Amino acid sequence: MPEDEVIQRAHEDAAEGKSSSTQAGEFVREEIEHVREGKHGARSVKQAIAIGLSKARRAGVKLRAPRRGSQSRKVRAQAARDLRKGRHPRRKLSRTRSRAIKRALKRESTSTASRSALARQARSSARRRGPAARHRSAERAVRTKGKRGLHLAAVKAARTRQRHRRAA
């Protein structure tokens, strides 16, 4: 069950006209925090993100299921089910099932939500999107960074280039 504060932030995002993926981001952030705090673990960053998206859909965020071909039928069916659950008032959760899920997640590693693991996931995800999408994303970042942010990004990029030159 997501914390009230997270649901509140997602509602504020919706009221401000922000996209459903931004609203869902609140739930994903909460899930990553849970893993970092050691509340439970996750097998991978992807699993932590999936749990967050599922909670978002069930909380009423209008985040549609993935397109055909992008995910397996099982994943798409589960996303559609979560969306339907989010449209209707809550029924009482099964205590037995909740306990079983929590115990299973407790056995998983908490290092999956480390900064390096998240960065690795973001990079691999960006690579799948292709250079044009990465370029658009970078341009969007430039528009929102401000002068100081751009300077810091340039310094970081220079450092990265230098590190790669030394490695070669």
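Predicted model: local features only at pLDDT ≥ 70, side-chain atom pairs only at ≥ 80, totals over all residues.

Reader: OK, how many salt bridges does the structure hold?

Author: There are ten salt bridges in the structure.

Reader: Which residue does Glu3 meet in a salt bridge?

Author: Glu3 pairs with Lys39, at 3.8 Å from N to O. The two sit 36 residues apart: Glu3 is in the segment before helix 1 (4–15), while Lys39 is in the loop between helix 2 (20–37) and helix 3 (45–58).

Reader: And is Lys39 buried, exposed or partly exposed?

Author: Lys39 is partly exposed, because its relative accessible area is 40%, between the cut-offs of 20% and 50%. Glu3 is partly exposed too, at 38%.

Reader: Switching to the helices. What does Lys55 pair with?

Author: Lys55 forms a salt bridge with Glu31, 3.0 Å from N to O. That pair links helix 2, where Glu31 lies, to helix 3, where Lys55 lies, across 24 residues. Both Glu31 and Lys55 are buried.

Reader: What about Arg58, who's its partner?

Author: Asp82 is a partner of Arg58, with 2.7 Å between the closest N and O atoms. Arg58 is in helix 3 and Asp82 in helix 4 (residues 73–87), so the bridge ties together parts 24 residues apart in sequence.

Reader: Is Asp82 buried or exposed?

Author: Asp82 is buried, at 2% relative accessibility, whereas Arg58 is partly exposed at 28%.

Reader: Last one: which residues are linked in a network?

Author: Salt bridges join Glu5, Arg9, Glu26 and Arg29 into a network.

Methods. Residues numbered from 1 in each chain as written. Heavy atoms only, no water. Salt bridge = Lys/Arg side-chain N within 4 Å of Asp/Glu carboxyl O. Helix = DSSP H or I, 4+ residues; strand = E, 2+ residues; numbered from the N terminus. Buried < 20%, exposed > 50% of the residue type's maximum accessible area, 1.4 Å probe, protein only.
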